[in-house]
Amino acid sequence: MNPSYDFGGQVAFVTGAGSGMGLATARAFARSGAAVALTDVDGTALNTAAEQLAGDGHQVLALTCDVSDEDQVAAAVDRTVETFGRLDMAYNNAGIQIPPVDAAEESAEQFDRVHAVNLRGVWACMKHELRHMRARGSGAIVNCSSLGGLVGLPGRASYHATKHGVIGLTGSAALEYAPRGIRVNAVCPGTIDTPMVSDMIAKGELDRAEAEANQPINRLGTAEEIAEAVLWLCSPGAAFVVGVALPVDGGYVAQ
Ligand code: NAP
């Protein structure tokens with residue numbers, strides 16, 4: 001049985017909420033009673049997700065937003081607060097993968113693109129969320145890193161650099177804002193069965209059996225298992241948890 005949370009009266013903001021872990025987390029927040037702002041660059045997936053949740057009676061807001069554009073992020077966060085009156089929790093999840101490449105061959109364009117979404121996107125979200133949360137003196141932010149934030153992997157230097165960077169942003173902001181009532185943490189998913197990973201498998205960039213064997217639990221994770229960790233990090237049960245990079249990876253980084 002999964003733990004249940006009562007986030008009634010609270011407001012959550014989730015990026016990349018049209019797919020994968022963002023979608024699972026938006027659903028979990030909504031089912032726990034929170035009003036949820038779902039944001040994604042993919043307007044079609046976003047609207048489908050939001051319509052489903054609204055149809056189930058949840059309070060949701062769909063906002064198309066490219067996290068690599070700070071103005072769009074600021075507007076989405078502001079709109080959330082205008083609509084729901086406050087912001088209590090955020091999962092800064094949106095991210096992209098890029099094809100694996102020899103570190104000596106990678107283009108500056110690929111490096112810049114993956115950093116713009118995965119690192120500057122988290123930076124922009126956190127910045128504008130903190131502006132609202134600090135006014136209330138409370139809040140919980142979870143940033144999406146990866147096992148790639150904790151270890152290196154051949155062919156993945158730029159992606160892993162972004163995820164290491166997310167942990168740096170998280171720890172520094174956590175120290176700055178813990179005394180002001182806001183907790184900032186990161187989650188580090190292992191290999192999770194989402195459209196991103198299906199796409200990598202389809203392109204031959206990842207071998208499913210190998211990925212399963214690399215996780216001591218011998219399977220891929222589910223998006224819902226990451227949502228569980230995010231909700232816990234946002235809950236009063238994690239009131240003393242500050243600045244951690246929590247692996248949720250079936251044991252990958254414990255090896
Ligand atoms: P996913 O299924 O591809 O979902 C990511 C969502 O984010 C998609 O809807 C995507 O839209 C959206 N997105 C992409 N770029 C965006 C942008 N610039 N602004 C706003 N939204 C954007 O991926 P996922 O597997 O759930 O991954 C979620 C996060 O977990 C990412 O940060 C990823 O790096 C991280 N992660 C994933 C794994 C894994 O094994 N799956 C492991 C560790 C960490 P499009 O579909 O249009 O791109």
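Q: How many residues surround the ligand, and which are the closest?
A: A residue counts as near a molecule if one of its heavy atoms lies within 4 Å of it. Here 28 residues surround the ligand, and the closest are Ser 19, Asp 40, Asn 93, Tyr 159 and Thr 194. This is a predicted model, in which local features need pLDDT of at least 70 and side-chain atom pairs count only at pLDDT 80 or more, while totals for chains, interfaces and linings use all residues. Residues are numbered from 1 along each chain as its sequence is written, and side-chain values use heavy atoms, with hydrogens and water left out.

Q: Which atoms of Asp 40, Gly 190 and Thr 194 lie at what distance from an oxygen atom of the ligand?
A: Look for polar contacts, meaning pairs of N or O atoms within 3.5 Å. A side-chain N or O atom of Thr 194 is 2.5 Å from a ligand oxygen. For Asp 40, a polar side-chain atom lies 2.7 Å from an oxygen atom of the ligand. Gly 190 uses its backbone instead, with an N or O atom 3.3 Å from a ligand oxygen.

Q: What part of the ligand does the protein bury?
A: Accessible areas come from the Shrake-Rupley method with a 1.4 Å probe. Taken alone, the ligand exposes 880 Å², and the protein buries 88% of that.

Q: Which helices give two or more residues to the shell around the ligand?
A: Helices are DSSP runs (H or I, at least four residues), numbered from the N terminus. Those in question are helix 1 (20-31), helix 6 (157-177) and helix 7 (195-202). Helix 7 gives the largest share, three residues.

Q: What is the volume of the largest pocket, and which residues are closest to its centre?
A: Rolling a probe the size of a water molecule over the atoms shows where empty space is left. A pocket is an open set of points on a 1 Å grid over the protein atoms alone, where a 1.4 Å probe fits, with protein on both sides within 12 Å along at least five of seven lines; lining residues have an atom within 4 Å of a point. The largest pocket has a volume of about 1,100 Å³. Of its 49 lining residues, Ile 96, Gln 97, Tyr 159, Met 196 and Met 200 are the closest to its centre. The ligand takes up the space of this pocket, and helix 7 gives the most to the lining, with four residues.

Technical notes
Polar contact = N/O pair within 3.5 Å; in protein donor to acceptor, adjacent residues only side chain to side chain. Sits in = over half its atoms within 2 Å of the grid points. Points joined across faces, edges and corners; volume = space filled by probe spheres on them.
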